[in-house]
Amino acid sequence: MKISNSLSNSSTITGFILLGFPCPREGQILLFLLFSVVYLLTLMGNGSIICAVRWDQRLHTPMYTLLANFSFLEICYVTSTVPNMLANFLSDAKVISFSGCFLQFYFFFSLGSTECFFLAIMAFDRYLAICWPLHYPTLMTGRLCTNLVVSCWVLGFLWFLIPIIITSQMSFCGSRIIDHFLCDPGPLMSLTCRKAPMVELVFSMLSPLPLIIPFLCIMCSYALVLRAVLKVPSAAGRRKAFSTCGSHLAVVSLFYGSVLVMYGSPTTEHEAGTQKIVTLFYSVVTPLLNPVIYSLRNKEMKKALEKFLGI
């Protein structure tokens, strides 16, 4: 491949080379247009939810406050990768600086961890609303909601801070070519001049925890919700209870389904293309679909969006 042969031997490279999705120039332009549209739609969709929650008094509840924060998180998450990916589609060099690579690495994984924590507290909110409906207003207060939101952001951004600082101090040798569209830890660690078993051990211990712990909390919350709903005597009551969880369950399934495929399968050279597609799904496609899921399955949100958009 041309870019591999020309840039891997260059002595003027001051960073890493993100191969992205190698294809002819026409294909790169087509991908640029496609992902530009996806990015704009993601910004518009999640931005509309934020504005609808902000301006509709009926949505000033903990559930929709969490949803608005989640939408803002999705905007940040997709922005951590797509603008650089768009620039690389139009670039022949496809170079990202060392500082830019590690900043992207940090923000991408910190925002991903924050998303896992948000999905967990949103499930906890649904548990309180369904299992403790009479006590819900006194349990899920505005103060508790704010504390949960702040905790998600702080914990998410502290989780990978030390490992990424340690990794950024390591020396990198060889071609400095990363066969990905973002700075992923797997390809990065393979480019170090010498093996760092302690750093790899820290990553292997820390990386799964923001996925596993929130996922267990989500499963426990919905197990308790299911038990409570099954005790409801009327079918209409059960449907109403399940409908309040439908959107969140769909989002959880999309995000965790693709993430588990990504990190639950072995990473080999022959699977590089598959790994890129799966990463693309949970980091770009899922943030695009989330506003659609919440607007279609939630009547209050659908009405608020129609009012905001003047439909």
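The model is predicted, so local features are reported only at pLDDT of at least 70 and side-chain atom pairs only at pLDDT 80 or more, while totals for chains, interfaces and linings use all residues. Residue numbers start from 1 along each chain as its sequence is written, and side-chain values use heavy atoms, with hydrogens and water left out.

The protein chain holds 14 helices and 3 strands; helices (H or I, at least four residues) and strands (E, at least two) are DSSP runs numbered from the N terminus. Its C-alpha trace spans about 70 × 45 × 35 Å along the principal axes. Of the contacts in the protein chain with a separation of 6 or more, 79% join residues 24 or more positions apart; a contact means heavy atoms within 4.5 Å.

Buried residues make up 46% of the 311 residues. Here buried means under 20% relative accessible area, exposed over 50%, and partly exposed in between (1.4 Å probe, protein chains only). The protein chain exposes about 15,700 Å², and carbon and sulfur atoms supply 70% of that area. Accessible areas come from the Shrake-Rupley method with a 1.4 Å probe, and for residues only the protein chains shown count as cover. The chain carries 21 positive and 13 negative charges, whose mean positions are 11 Å apart. In this count Lys and Arg are positive and Asp and Glu negative, with His and the chain ends not counted; each charge is placed at NZ of Lys, CZ of Arg, CG of Asp or CD of Glu.

The cysteines come next. A search of the whole structure finds 2 disulfides, a disulfide being a pair of cysteine sulfur atoms within 2.5 Å. In one of them, the sulfur atoms of Cys101 and Cys183 are 2.0 Å apart. The torsion about this S-S bond is about -130 degrees, so the disulfide of Cys101 and Cys183 is left-handed. Cys101 lies in helix α5 (residues 98-131) and Cys183 in the loop between β3 (177-178) and α9 (185-190), so the bond ties together parts 82 residues apart in sequence. Both Cys101 and Cys183 are buried.

Cys173 and Cys193 form a disulfide with their sulfur atoms 1.8 Å apart, and with 100 degrees about the S-S bond this link is right-handed. Cys173 sits in the loop between α8 (161-168) and β3, and Cys193 in the loop between α9 and α10 (197-206), 20 residues away. Cys173 is partly exposed at 37% relative accessible area, and Cys193 is partly exposed at 38%. With the bonded cysteines numbered in sequence order, the pairing is 1-3, 2-4.

Cys23 is partly exposed, with 33% relative accessibility.

One backbone feature remains. Lys94, in the loop between α4 (82-89) and β2 (95-97), has a phi near 55 degrees, a positive value in a residue other than glycine. Most residues other than glycine have a negative phi. At 9% relative accessibility, Lys94 counts as buried.
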